[in-house]
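These questions follow the sheets of the chain and the surroundings of its ligand. Look at the sequence and the model before reading the answers.

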Amino acid sequence: MINSTIVEKIRETPSTITFRFYWEEKVLPGQFIMIWVPGYGEIPMSLSFTGKKKGITVKAYGVPSRKLQELEPGDRIFFMGPYGKPFTESHGKRLLIGSGSGMASLLPLVNQDSTVIVSARNREELLYIGKMQAERVVTITDDGSSGFKGLPHEYLASMDLSVFQRLYVCGPEVMMFKLLPLLMKAGVKAEFSLERSMKCGIGICDSCSIDGFQLCTEGPVVSIEKLSGLNEFGKWKLDHSGKRIEV
Ligand SMILES: Cc1cc2nc3c(=O)[nH]c(=O)nc-3n(C[C@H](O)[C@H](O)[C@H](O)COP(=O)(O)OP(=O)(O)OC[C@H]3O[C@@H](n4cnc5c(N)ncnc54)[C@H](O)[C@@H]3O)c2cc1C
Ligand code: FES
């Protein structure tokens with residue numbers, strides 16, 4: 001197992017914290033690590049910073065992610081990786097669409113040719129606002145406390161998507177499920193980063209499968225063509241015990 005020391009802890013939003021640590025390994029945008037949370041096992045986390053000084057951005061969902069958030073500068077972090085297929089690099093204008101903690105895996109893709117759509121429940125939960133060197137940042141909130149009031153697919157309906165070379169999407173599955181038909185109709189090149197319960201991260205346990213497609217090794221980044229053929233996407237997933245539940 002790899003280990004490093006937390007050198008920085010940044011409170012991003014009321015529910016979300018970024019941890020920075022040094023790790024020499026080359027990691028590409030979209031790849032993830034499996035972080036050991038003592039007493040709870042390992043949980044997957046995207047790298048929100050992929051340079052020498054790496055970073056993860058952790059949102060508090062259940063007990064393991066809350067436990068992870070208790071780490072402090074000076075503590076050691078234990079993990080395996082990097083794992084997974086990264087986003088495809090593109091040149092020219094790109095559109096990034098991130099909801100909630102989904103913005104974490106998109107952050108390394110932000111450059112001056114990027115338009116970034118950041119969505120969250122409310123203004124306080126918008127991630128990385130004011131920190132991104134992007135061409136344009138648009139905010140979307142469920143309650144209208146910042147920017148457009150509504151959901152990403154509603155905002156995108158009025159955008160000219162043909163100006164972008166490639167679109168990159170990450171967020172709750174229901175958000176991506178609503179976006180998919182719109183992007184298919186627009187005929188754009190797009191990639192989505194998906195989430196599933198992951199136990200091994202290396203293709204052994206099958207807990208991360210969607211229609212037999214193993215997200216930990218063949219994903220988590222999936223092309224729009226592949227995604228449109230996955231019948232379980234937006235409908236079914238396995239919970240931590242392996243039971244099939246509705247998304
Ligand atoms: C490849 C990959 C990359 C990931 N990268 C990140 C990341 O960069 N930052 C991050 O915070 N998380 C990320 N996750 C999610 C993370 O691994 C955990 O699933 C999440 O932290 C919840 O863990 P938990 O065990 O604390 O909560 P759980 O006990 O699994 O869940 C508690 C509650 O929160 C809900 N919940 C869990 N996960 C989500 C979610 N993603 N969106 C909405 N509701 C959810 C559950 O349905 C449940 O109701 C990633 C997952 C994958 C597969
Ligand atoms: S997490 Fe075990 S096979 Fe993917």
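A polar contact is a pair of N or O atoms within 3.5 Å; within protein, one must be able to donate a hydrogen and the other to accept it, and residues adjacent in sequence count only if both atoms are side-chain atoms. This is a predicted model, in which local features need pLDDT of at least 70 and side-chain atom pairs pLDDT 80 or more, while totals for chains, interfaces and linings use all residues. Residues are numbered from 1 along each chain as written, chains are lettered from A and ligands numbered from 1 in written order, and side-chain values use heavy atoms, without hydrogens and water.

Q: How far is the polar backbone atom of Gly62 from an oxygen atom of ligand 1?
A: Ligand 1 has a nitrogen atom 3.3 Å from an N or O atom in the side chain of Tyr61. One of its oxygen atoms lies 2.8 Å from a polar side-chain atom of His240. For the backbone of Gly62, the distance to an oxygen atom of ligand 1 is 2.9 Å.

Q: What share of the accessible area of ligand 1 does the protein cover?
A: Accessible areas come from the Shrake-Rupley method with a 1.4 Å probe; for residues, only the protein chains shown count as cover. On its own, ligand 1 has 920 Å² of such area. The protein covers 73%.

Q: Which residues come nearest to ligand 1?
A: A residue is near a molecule or strand if one of its heavy atoms lies within 4 Å of it. Around ligand 1 there are 19 residues. Those that come nearest are Pro44, Thr57, Ser65, Glu195 and His240.

Q: Which helix supplies at least two residues of the shell around ligand 1?
A: Helices (H or I, at least four residues) and strands (E, at least two) are DSSP runs, numbered from the N terminus. Strands β4 and β5 each give at least two shell residues. The helix that does so is α1 (63-69).

Q: Which are the edge strands of the six-stranded sheet?
A: Two strands pair if DSSP finds at least two bridges between them. The open sheet has the order β4-β3-β6-β1-β2-β5, with antiparallel pairing. Pairing on one side only are β4 (41-46) and β5 (53-59).

Q: Which residue in β2 is the bridge partner of Arg11?
A: Strands β1 (residues 2-13) and β2 (residues 16-22) run antiparallel and are joined by six bridges. In β2, the partner of Arg11 is Ile17.

Q: Which residue stands opposite Val221 of β15?
A: Three bridges join β12 (residues 190-193) to β15, and the two run antiparallel. Opposite Val221 stands Ser193.
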